[in-house]
Amino acid sequence: MGIDVYNAECRKIVQRYSKEWEVIMTRIGRWIDFKNDYKTLYPWFMESVWWIFKQLYLKGFVYQGNKVMPYSTACNTPLSNFESGQNYKDVIDPAITVSLPIIGDKDGAALLVWTTTPWTLPSNLAACVHPELIYARFEHISTKKIYIMLESRIATIFQTGDYNVFKTFPGKTLKGLRYEPIFDFFKHLENKAFVVLTDDYVTEESGTGIVHQSPYFGEDDYRVCLAAGVITKDQDPVCPLDANGCFLPPVTDFEGQYVKDADKNIINNLKARGRLIHQSQIKHSYPFCWRSDTPLIYRAIPSWFIRVEHMKDQLLQSAKDTYWVPDFIKEKRFGNWLREARDWAISRNRYWGTPIPIWMSSKGDEIICIGSIAELEELTGLKITDLHRENIDKIEIPSRIPGNPPLKRIPEVFDCWFESGVMPYAQHHYPFENLKEFEDRFPADFIAEGIDQTRGWFYTLIVVSTALFGKAPFKNLIANGLVLASDGQKMSKRKSNYPDPLEIVNKYGADALRLYLINSPVVRAENLRFKEEGVRDIVKDVLLPWFNAYRFLIQNIEGYVQDNGKTFIYDEQYIVSSNIMDRWILSFTQSLLAYVRREMDLYHLYNVIPRLTKYIDYLTNWYVRMNRKRFKGEGGFEDCLAALSTLFNVLLNIIKMMAPFAPFLSENMYQNLKLLCYDKAGSVHFTMLPEPNNKLIDVNIERAVMRMQNVIELGRVVRDRKTIPIKYPLPEIIVIHHDVQYIKDIISLQDYILSELNVKNIITTTDTCKFGITFKAEPDHRLLGNRLKQDFKMVMQHLKSLSDAEISKAMNTGFVTIGKHRIELEEIRLILKCENFNTDQYEVNSDNDVVILLDVTPDSSMKDEGMAREIINRIQKLRKKAHLVPTDEVRVFYRCSEDLDRVARDYKEFIESTIKAPFRDVKTKTSQDHLIIEDLQTLKDAEIYIALTKTSNVQFPLVRWVNVMLVGTKSKYCKAANKGVVLLETADTKMNLEKLKAAVSQLFGVENIALWNKKYGELKDDEVIHELSGTTVFVVPFGKKEELPEENGIPFCKTANFEINGISGTVVLENPQGNALRLDANKVINKWMEATQR
């Protein structure tokens, strides 16, 4: 294929995926400047990579050595750790135990090593034991031979009763012992090799507890032998294999044999020489090449390194100067990695990537490191436009030594992590241009990546920046956890164990996915099991309630403008209200704003999102719901304006707070709200997070409302427990708390408690004894734990044992003394218990702070009121079913049995004041009352008939007509209006199916449609057209079946009738609904008359 063709394909892949990435990132609201991006394949980026590498080279940080890596013998190439983990299989391998006779041992004892890779034994240079584990010197009774191995593993090789332990000792006792080589191929290294070493990586889980060391075929082997001086970084590797994994000299006994094939011959050789002690097989998971599906081996690969070990202290200091979330990642996981930092292998045997800019003579005695395109051009006299291998591999640099051949570039490219580590500089083409831009942005304010980058990007960034500038390239770091499949496994395309992200976004919206992830353990650097239901719940529990609050505001602003004939313009300077719930939500919002700013400064996303989503619950389920009547103007013009301005204020603030997390819905709301205020930024994302207005914060009101909410919640739980619907009033609630201020707070908001719990009377008291209330003390673990340290456990036990009298005394003094410690009342949680109060009249509930007693025995009048509320509920549900809005004027007629009829008559005024409509016996219904919807329902074993009608102020057309309504499709015209009217006859023209479809298409701008009617189903011929008059024709996409809404028989649009000289007709004044037609009614009537008379 050639490098040029291969790299051209790689370039196409990058371009394809970068386009897909742009689509995905834009769709999920990731704000990136794609027009001014950087890619590691850009020549100017690669040039900066070269410059940085040369600075490290000039500092003496670069050297050539060996690195043990996963290697594919079929593809003749090393693999990354990521690639090696893609294809594991269960295989059966030999498991053999081999003897290592100890030189100079008086009894001829031998060490026993165990391996599942016999082919590595010819390259053995050492043995390793754990320094602290217990080893044994024992006799194998059957053979009379003396062996040494881990005591706990003897029985896995020798039969019980066939060995006799002489002595046990820690592994470090064996350190330094020398043994006879397994093979003589590398006996010339015996001055340093064939020695016992110690290291903690040895385990007692398998084998003999003595690990044979073949340093160029295992990462730990290499590390241990290098640390012990058995090998050096710059020596020729003991790696007698060719590129195909076949043995080379000096391993002449097995020369030319593939390593896996040689296992059998090596075992036979050991057996023949008496070195094989035990042989078995083991089934285990083993890595295979994902390309060739052949077993991988680990072998030493010649590599280029950057020295890191010498600057561990500087790296730790650079990390210490940064702020991490969560902080334990920096101190433990990352800190431990830095303390054990090893030199970094930065070369890879690849074709695609940034070539390492080293030109070397064939003997290696002359090296030139290039740091820029200009430097390469100067040394070669060539014009350089691209730095990929196909363009520079053939370039030679003349030797500075007369008579020497030219220098050629080494074949390796940089590890992609090196390119990632230099991105803070290369993204600006530093130092070749943009110097000021780089200096202004370095170090970066923050970076964020997965916790798996602790040993990846986070590490490479710190190493390069510390080596170049002596500091970290970032100030703050957010480490995220990993998103796993719902079964807890890694997401895998092969396993198809996760949903397509774009499908999730298209189904639920990007905002829902963003909030789900940001509100998950991921932002605490913990793993998340991704579940689609979680995204769905964000829509249901957060986005929809939030949007409904916004829509509720807009609807009521429109109502305010229509009712009062005044425009509404929000002005923050005039946010003044005496209403306590207005003052609460304003204060609560500003307190939240202060909290969000504080936590965002600390990058604590995991604290911010829960508070924001909880706020939306408070806004919708407390403030909006408890003030609905005020928004509709029932408290007067000024009170309505105060409520609307308050809701506008808090919605505008929450939109700005939520904008970074839910950018799309926030932007949509902001664009509409800014039309009603002086905030005129082009986008909510162009605005700064507001500063909290401390003048609006009232901690006393916030405290009082919170306490009120607690009491209401406790009361609701009691109602649920006793299955008493909120519609049925109860006589009394008693609120008990030892704190006088708590009681004052409850009294100040008692009207809300009475209303929300539908209770007639409230009693408050601090007299706990009267109702058998006792106290229990619990420590505040956070406050006392931090202060008392080791004494905390003793104090906690004493606090829990305090009597009720002792607690009462502490409440009076404000503290309690335990041993040498004075414990303040603020450091104690006082829990109220109601264990001795028992009565059928009251139901008790407590949240360990306040106790409520709810009288659950309503009298007959209260039961009647509950029935009246049930009637109201049925009426409102019927209105909703008929798609009526609150401003639609209706009359309600009813018919029911005697007892229910009595309740309806007795509570007539109460029902009418609630439903804002006349409530009358069906006998009084006249022909002027046009039926909208009717229903017969069962209520408490009684039947009630309810009919909603529209009075005759609606003018019905004199000619045949139909309502038309879009279902499952949208109109292209008139702000997507979806309702209209079509006259089935005009003058001397009558409508057929084809004309009706044409009229609908012209009205809404829709095509490829089908017409449906509730009675006749899909309309397919002309026969039933004129039978449709007064009903609704539903317009649905062709080939689809949609659920059809209820219809009420009222024309969707305004019409005007005329009757002149015996000729009658109808003129449509608006079409579609809400869109007045610009026409001269007289001209339309004249044309109608002329057409009729022809």
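Is F138 buried or exposed? F138 is buried, with a relative accessible area of 0% (buried means under 20%, exposed over 50% and partly exposed in between, using a 1.4 Å probe and protein chains only). Welcome to this predicted model, in which local features need pLDDT of at least 70, side-chain atom pairs count only at pLDDT 80 or more, and totals for chains, interfaces and linings use all residues. Residues are numbered from 1 along each chain as its sequence is written, and side-chain values use heavy atoms, leaving out hydrogens and water.

**Aromatic pairs**

- Across the whole structure, a search finds 53 aromatic pairs (rings of Phe, Tyr and Trp, the last by its six-membered ring, with centres within 6.5 Å; planes under 30 degrees apart count as stacked, over 60 as edge-to-face and the rest as tilted).
- F138 and F158 are edge-to-face, because their planes stand at 70 degrees, with ring centres 5.4 Å apart.
- This pair links distant parts of the chain, 20 residues apart: F138 sits in strand 6 (residues 134-140), and F158 in the loop between strand 7 (145-150) and strand 8 (163-170). Helices (H or I, at least four residues) and strands (E, at least two) are DSSP runs, numbered from the N terminus.
- F158 is buried too, with a relative accessible area of 6%.
- F552 and F631 form another edge-to-face pair, 5.2 Å centre to centre with 90 degrees between the planes.
- Here F552 belongs to helix 16 (residues 532-564) and F631 to helix 19 (residues 628-631), 79 residues apart; both are buried.
- Ring pairs also join W51, Y425, Y430, F438, F442 and F469 into a cluster.

**Helix 17 and helix 20**

- Helix 17 (residues 580-601) packs with helix 20 (residues 637-658) at an angle of about 15 degrees, their axes 10 Å apart (axes are lines fitted to C-alpha atoms over the stretch in contact, and angles run from 0 to 180 degrees between N-to-C directions).
- That angle makes helix 17 roughly parallel to helix 20 (under 35 degrees; over 145 is roughly antiparallel, 65 to 115 roughly perpendicular and the rest oblique).
- Residues in the contact include I585, L586 and L593 of helix 17 and V650, I654 and M657 of helix 20 (contact means heavy atoms within 4.5 Å).

**Helix 4**

- In helix 4 (residues 219-228), the buried residues are D221, Y222, V224 and C225.
- These buried residues pack against strand 1 (62-72), strand 5 (126-129), strand 9 (195-198) and strand 10 (210-213).
- Just after helix 4, G229 takes a positive phi of about 85 degrees.
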